[in-house]
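Student: I have a structure to go through before I set anything up. Can we walk through it?

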Amino acid sequence: MQDDEDRIVVEHVYKTFNVYLDKANSIKEKVLFWNRNKKEKREVLKDINLTIKNGEAVALIGVNGSGKSTLLKLMTKIIYPNKGKITTVGKLTSLLELGAGFHPDFSGRENIYFNASIFGLTKKEIDNRIDKIIEFSELEQYIDNPIRTYSSGMYMRLAFSVAINVDADILLVDEILSVGDQHFQEKCLNKMKELKNEGKTMVFVTHGLGSAKELCDRAIWLNNGKIEMDGNTSDVIDAYVKRTT
Amino acid sequence: MNIFTNIYQYRELLKTSIKKDIGGKYKKSFFGILWSFINPLLQITVYAIIFPIIMKNNIENYTVFMVCGLIPWTFFSSVINRSSCVIVDNGNIIKKVYFPREILPISLVTSETVTFVISSIIILGFVLGYGMGISVYICFFPLLLIAQYILSIGLSFIVSSITVYFRDIQHFINVFLQLLFYGTPIVYSLQTIPEEFRWILHLNPMTYIIEGYRNIFYYQQKPDVGHIFGVIVLGIIITIIGYFIFNKLQKKFAEEL
């Protein structure tokens, strides 16, 4: 079934989290309170099957707790499924949470290096991109200041600029189109469109149905850990809105 | 093997985290990098005063004898100690992005190795200061370093991944290291141990490592190459087992942290 055009293939994926009501953190507690160690299994994803092809921009929608973010985390390999298999082809970057590896005492420029190296770039690749990254963030004046002096908006702008310039084949984005002010948000949206036109594969988790409609040509509606509907963005969103309101 | 391509691809991350580790350790302290000398020197002073008094021995130049064991031991014990919290301390990043998790223990061991090589200057200082001179056998130093490096990587894989699930191990390790300190011929010589108990020390790979350093710096004779290769083989076995354990456990790191 594997196809050259497939970028993300999710096959029969199940994910359960153990929710500890009262977790024993030490051996002492484990021995003393062995019967207290109650846990609840919470099935977050049940038998998910989907294939995302090269160049597709897919929106994952659904109410809170429906498993969207979990599915995205599974795709990035931060967590692993209990059952089933996820295959990804090509370089993958996730914009799950921005600014991983940022160190407040180092300058913006140094942090670009730290952050980009976590995404798997080499020094040379970062050297080539650094001007583009700084330009995109519009932080030229402050780039050599330690980032603890940045405002939270500036911090996010820097983080977003690094992530977006990694040049990955697959981009996973979790609810971060709300970075910065109006001007910067528009810039991000335009950059996303540009990447889409370049043929990158993208998956968005979003509650912003408007931007989903604008960017994506396919939407997947998750409900209670199952795929409720998968298809054309406006059809799925219409059905979703009808159900939830 | 997947691990090698992974690490090659993320080599920049490995490099920056080693640099951050070495440079960041003393970044905010007044004496800076000098601490990597002051700390062991203070420890040496204490031991050099105490041990000759409480444990009578007829070892010539006892201070040099002890320094040859103490500096490599410090390397070993700080690797084990720091391994026990390396994953937990980096929980924030682990929960946020994907990167090969094995980078963390590997960069820890590597940066400790660099620190050790720098602090070997102390050994040289003592050997020269006591007028013992330097022999050609010092060329075995890299071989010993490799043996200890491989052993450390393997143990680091195991310790770092298991502590995520049992945080108690952090405390247990402190006790265990103290015990092992006396179970390794650092402040005493192997010969002073009664014959019938010596086999216990021979079960400890650090015995061979310390004896090796002592041979090249203190006795100035050829170390037992067979023993060193034995440690290398053991280190490789532990590393392979350790990697399998690490790889199995790392899948749930983000959930457990």
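Student: What kind of model is it, and how are things numbered?

Tutor: This is a predicted model, in which local features need pLDDT of at least 70 and side-chain atom pairs count only at pLDDT 80 or more, while totals for chains, interfaces and linings use all residues. Residues are numbered from 1 along each chain as its sequence is written, and chains are lettered from A and ligands numbered from 1 in the order in which they are written.

Student: How many helices and strands are there in chain A?

Tutor: Chain A has eight helices and nine strands. Helices (H or I, at least four residues) and strands (E, at least two) are DSSP runs, numbered from the N terminus.

Student: What box do the C-alpha atoms of chain A fill, and what share of residues is buried?

Tutor: Along the principal axes, the box is roughly 60 × 55 × 40 Å. Of the 245 residues in chain A, 38% are buried. A residue is buried if 20 or more other C-beta atoms lie within 10 Å of its own, exposed if 12 or fewer, and partly exposed in between, with C-beta atoms placed from the backbone.

Student: Start with the sheet of six strands. What is the order?

Tutor: In chain A the order is 5-6-7-3-8-9, an open sheet with mixed pairing. Strand 5 (92-95) and strand 9 (226-232) of chain A are at the edges with a single partner strand each, so one side of each has no neighbour in the sheet. From one strand to the next, the twist averages 15 degrees. Two strands pair if DSSP finds at least two bridges between them.

Student: In which sense do strand 3 and strand 7 of chain A pair?

Tutor: Strand 3 (residues 57-61) and strand 7 (residues 201-205) of chain A pair in the parallel sense, over four bridges. Ala59(A) is opposite Phe204(A) of strand 7 in chain A.

Student: Which helix lies across strand 9 of chain A?

Tutor: Helix 8 (residues 233-244) of chain A does, and lies across strand 3 and strand 8 (218-223) of chain A too. Helix 8 runs at about 135 degrees to strand 9 of chain A. Axes are lines fitted to C-alpha atoms, for helices over the stretch in contact, and angles run from 0 to 180 degrees between N-to-C directions. Two residues are in contact if their C-beta atoms, placed from the backbone, lie within 7 Å.

Student: And the sheet of three strands?

Tutor: That open sheet of chain A has the order 2-1-4 and antiparallel pairing. Its edges are strand 2 (39-53) and strand 4 (83-88) of chain A, each with a single partner strand, so one side of each is left without a neighbour in the sheet. On average, neighbouring strands of this sheet are turned by 25 degrees against each other, direction ignored.

Student: How many bridges join strand 1 to strand 2 of chain A?

Tutor: Eleven bridges join these antiparallel strands of chain A. Tyr20(A) has Lys39(A) in strand 2 of chain A as its bridge partner.

Student: Different topic. Where does helix 4 of chain A bend?

Tutor: The bend is at Arg129(A), by about 45 degrees. The bend at a residue is the angle between axes fitted to the seven residues ending there and the seven starting there.

Student: What does helix 4 pack against?

Tutor: The buried residues of helix 4 of chain A pack against helix 3 and helix 5 (152-164) of chain A. Those buried residues are Ile126(A), Ile133(A), Ile134(A), Phe136(A) and Ser137(A). Just after helix 4 of chain A, Glu138(A) takes a positive phi of about 60 degrees. Glu138(A) is partly exposed because it has 16 C-beta neighbours inside 10 Å.

Student: Last one: how many residues of chain A are in contact with chain B?

Tutor: 22 residues of chain A are in contact with 18 residues of chain B. Helix 3 (residues 108-118) of chain A gives the most to the chain A side, with four residues.
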